[in-house]
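Let's take a walk through this structure together. Have a look at the fold first, and then we'll go through some of its parts.

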Amino acid sequence: MLPPFHREYDTLRAGLVEYFSTVRGAAGSGAFLVPAQICRAVPLAIERAGLAVRYVDIDPAGPTPGAAAYAAAIDEVTVGVVVAPLYGHIHSDWSALLAAIGRRVLVLDLAQGFGLAGRIAALARRADAVGYSFGLGKGLDTGGALLLTRAPLDVPPRAPRVKAALADPLLKAVALNALAAAGCYRPVAARLDQMDAVDEEIPRRGSGVPPDMCRLWLARLPRLDGAIALARSRALHLGASPSLAGKLRDATVCFDAGASHLRQLIRVPDAARRDTLVSRLRVLGVDCAPAGEPLPEVADAARRFPHAVAFRAESVRLPFLGRLAAPAFEAFVTTLERAVDECLR
């Protein structure tokens, strides 16, 4: 069961600032554990609230830390833990973290976590806060954000934004869906990734959104669920290709049937060839980019987070395959197999 109290925001980062400020008021001090691969906005929101940030390295074969890594990092100054899927990937067994966290705060950041209900069920039942982002590139592509909390936030009331303030993201969403329906999603995928990666200034307070935005979010969820199901089946199709599974690293993770694949990941066994593969894919018309978030801005990060370093050096993010038309996906598979064969001999 999700936390019962909800507040709508223009961006999730604004809601997180308010939430972490409430935690700071109750706890006084302390640190939050966050993944070494996470949108920079989350640690900035924690720091803005006056709390410390401590990073947990990701798994050797995946983009997020597992439960055991979080559990091992918890100590007497830990006031909370942030768990966040990346590109629609997350672990399924959270028993070690749930056993170790005690009464500390658990925040579930689902900005990239739609479609993972089974894998996050135990976390959601325990979470003190669950956040969703609906900006472009996050799945629903409507703008706005939702924060669910176990207790009401101790913050002043806000004046909601007028509906016109959300016109721009809504118009962009309409255009995106029209392009996808016409089989032209690929040309705009790069722009979506750029929007998703922008590290905006963290506001001190967020703005509200019109209450009827919730109805829009709910109405669009079934379509997103269908796109995620399609992306999963297409990831399995890629994983069954001998020319891909035999040449790529960690295929069972990248093509995992339980992930939602909001960005399709692939990982090369030799980091020296990753950029060659990216360049070749772009020449062949595939939108792609090196995967990963910036390393934590802390001293000696490369030594302290070797798995995050390797992930950033070896991984490629491809489009959300759930939005490609069938002919475009067939061409994509042929092109990907060709590029991998050429660059990873």
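Helices (H or I, at least four residues) and strands (E, at least two) are DSSP runs, numbered from the N terminus. On that count, the protein chain has 14 helices and 10 strands. Bear in mind that this is a predicted model, where local features need pLDDT of at least 70, side-chain atom pairs count only at pLDDT 80 or more, and totals for chains, interfaces and linings use all residues. Residues are numbered from 1 along each chain as its sequence is written, and side-chain values use heavy atoms, with hydrogens and water left out.

Now for the chain as a whole. Of its 345 residues, 52% are buried, where buried means under 20% relative accessible area, exposed over 50%, and partly exposed in between (1.4 Å probe, protein chains only). Contact means heavy atoms within 4.5 Å. Among the chain's contacts with a separation of 6 or more, 72% are between residues 24 or more positions apart.

Let's turn to helix H14 (residues 326-343) and a partner, helix H11 (residues 274-283): they pack at an angle of about 140°, with their axes 9 Å apart. Axes here are lines fitted to C-alpha atoms, for helices over the stretch in contact, and angles run from 0 to 180 degrees between N-to-C directions. So H11 is oblique to H14; angles under 35 degrees count as roughly parallel, over 145 as roughly antiparallel, 65 to 115 as roughly perpendicular and the rest as oblique. Which residues of H11 meet H14? They are Thr276, Leu277, Arg280 and Leu281, and on the H14 side their partners include Leu336, Ala339 and Val340. The residues of this contact of H11 with H14 divide into six nonpolar, two polar and three charged (Ala, Val, Leu, Ile, Met, Phe, Trp, Tyr, Cys and Pro count as nonpolar, Asp, Glu, Lys and Arg as charged, and the others, Gly among them, as polar).

H14 also packs with helix H8 (residues 213-239), at an angle of about 30° and with the axes 11 Å apart. That makes H8 roughly parallel to H14. Here Arg234, His237 and Leu238 of H8 meet H14 residues including Phe329, Phe332 and Leu336.

Last stop: valine 309, found in helix H13 (residues 306-314). Is valine 309 buried or partly exposed? Valine 309 is partly exposed, because its relative accessible area is 30%. Leaving aside residues up to four places away in sequence, valine 309 touches Leu295 and Ala302. The C-alpha atoms of valine 309 and aspartate 57 are separated by 9.4 Å, though the two are 252 residues apart along the chain.
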